[in-house]
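Open the model in your viewer and keep the sequence panel beside it. This tour tells you what to select at each stop and what is found there.

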Amino acid sequence: MRGSFPAPAVISGAVSFTITQISLVGRRKKDSFEFPVCSSSQTARFSFSIHDEHNQQRQRQSRRQCLWLPGRSKWKGGRRAGIGSQCKCNYESGGEDNEWVVVNFYHFVMIKDAEAEVAKHLFFVEDLDIRGRIYLNEQGINAQYSGPLRDALAYVEWLRGDERFSGILVQISAATNGHAFPKLKLRYKPSLVQLEGGISHLPLLDPSMRATPLSPSEWRKRLESLKTTSDASNDNLKRNQILLDVRNGYEWDIGHFEGARRPDVDCFRSTSFGLSQPEVIAADPLENVDKEKTDIMMYCTGGIRCDVYSTILRQQGFQNLYTLRGGVSHYLENEGPVRWIGNLFVFDSRLSLPPPAYKPEAATKASTHEDSDNNTFARCYICGSQVCELRHRNCANLDCNLLYLCCMNCVKDLRGCCCSNCTTAARLRTVLPGFQRYKKWHTYRDSIPHSRLTA
């Protein structure tokens, strides 16, 4: 039953009872109450979901007062710019209300009642057109989402209205084809970052346990110093500074800072730098370094993985830890592609972004220098040839789904698969043209012939 009673309604009987503004329309389950209605024969009990439409409108209007209108100097509702004028986002809007963006930020802060915090956020974004991943727990928030510029920034500014989140650093980039995520997942999550063993036990709320953050300009100066040191003949000088890429190996394959070694893991949760594990010691750049004298410069896409892993290294005794504040995206936005090679891998439908996506006025071509001891950058996973597009694709074998770089010749020869074995697999998806992405695996479950599923 759906409906409302805009005017008082009277239920006839021995005793009349007046019901005012009863509404059964709404997306969330409302609190209900019961009352007796007396008649000459019996007492009936009715349960209604009560919701005051007038209060609902006021609540929504209050929420929407923080909608920042790009290219205008006023608030919706006639107020002069307040929070909107304080926006710390450096994104340069084209002034179009229908402009689409991707927003990324994280913040470590104590949240006493994380479940209640999630409910509050869900209530605010109910009418906003945003999709992505927003996770909260007792240690803070980690968010990546897309949406129209107005809705995307509305959530940011509402969040900054809470003093606990007033200092968040927000990264914004263009989403050229609408939403970059299929749906919104805003929920409580025990770990803001996936790492073996979890991260809830780590002292993430203690800034002294995390790496020292460097601004993009400070990071650039250190990169220049690192380049000078690497050219020196003194091996001891070379060991005093280490540039550590705290990402997945496939991210390095399409872009990284000069001098950074490719991570030997394809999943951050398995990272074990500096932990002296026997099976990875040979490939560990932190093995046998002086923990008190060696400067370790860590970087990742947005900064959160470095903050998390630096607390582990701090507990292992490493003293001089530095991280790039805001990650590579913040660096490219401020410094351009100086000392950066290739594109930046992103975890949404775009997959790969060139440096001009963050700083359009910067040189459109990043450094082409490559370390002589590593030939995996921008190479086809199958034949080893140079790829013309720095963008990954997934193996057409549904049960493999490997994310890899591939030249178009190998895509054609192996029908979108990563190896010859996968071409004979039971569950193969249709080869996508160009560099389109497959949807979630369950969307192909019913489209693949039954004979293949049971083969």
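**Before you start.** This is a predicted model, in which local features need pLDDT of at least 70 and side-chain atom pairs count only at pLDDT 80 or more, while totals for chains, interfaces and linings use all residues. Residues are numbered from 1 along each chain as its sequence is written, and side-chain values use heavy atoms, with hydrogens and water left out.

**Stop 1: the whole protein.** Colour by secondary structure: there are 11 helices and 19 strands. Helices (H or I, at least four residues) and strands (E, at least two) are DSSP runs, numbered from the N terminus. Of the 455 residues, 46% are buried; buried means under 20% relative accessible area, exposed over 50%, and partly exposed in between (1.4 Å probe, protein chains only). Among contacts (heavy atoms within 4.5 Å) between residues at least 6 apart in sequence, 66% join residues at least 24 apart.

**Stop 2: an open sheet.** Select β8, β5, β7, β6 and β9, which is the order of the 5 strands in an open sheet with mixed pairing. Two strands pair if DSSP finds at least two bridges between them. At the edges are β8 (171-174) and β9 (184-188), each pairing on one side only. From one strand to the next, the twist averages 10°. Now show residues 100-108 (β5) and 140-148 (β7): these strands are antiparallel and share 9 bridges. Find Phe108, which stands opposite Gly140 in β7.

Stop 3: Axes are lines fitted to C-alpha atoms, for helices over the stretch in contact, and angles run from 0 to 180 degrees between N-to-C directions. Among the buried ones are Arg305, Asp307 and Tyr309. Just after α7, click Gly317, which has a positive phi of about 105°.

**Stop 4: helix α2.** Select residues 114-125. Which residues of α2 are buried? They are Ala114, Glu117, Val118, His121, Phe124 and Val125. These cover an arc of only 125° around the axis, which puts them on the same side of α2; the arc is that of the directions from the helix axis to the C-beta atoms.

**Stop 5: the cores.** A nonpolar core is a set of buried Ala, Val, Leu, Ile, Met, Phe, Trp, Tyr and Cys residues joined through side-chain atoms within 4.5 Å. The largest has 46 residues, and Trp219, Leu243, Phe257 and Tyr299 have the most contacts inside it. Elements giving two or more residues to this core include α4 (216-230), β13 (295-299) and α8 (327-335). A second, separate core has 28 residues, including Ile111, Leu136, Val170 and Leu186. In soluble globular proteins, nonpolar side chains tend to be buried together.

**Stop 6: one residue.** Finish on Ile296, in strand β13. Is Ile296 buried or exposed? Ile296 is buried, with a relative accessible area of 0%. Leaving aside residues up to four places away in sequence, Ile296 touches Ile242, Leu244, Leu286, Phe318, Asn320, Leu321 and Tyr322. Then draw a distance from Ile296 to Thr323: the two are 27 residues apart in sequence and 8.3 Å apart in space, C-alpha to C-alpha.
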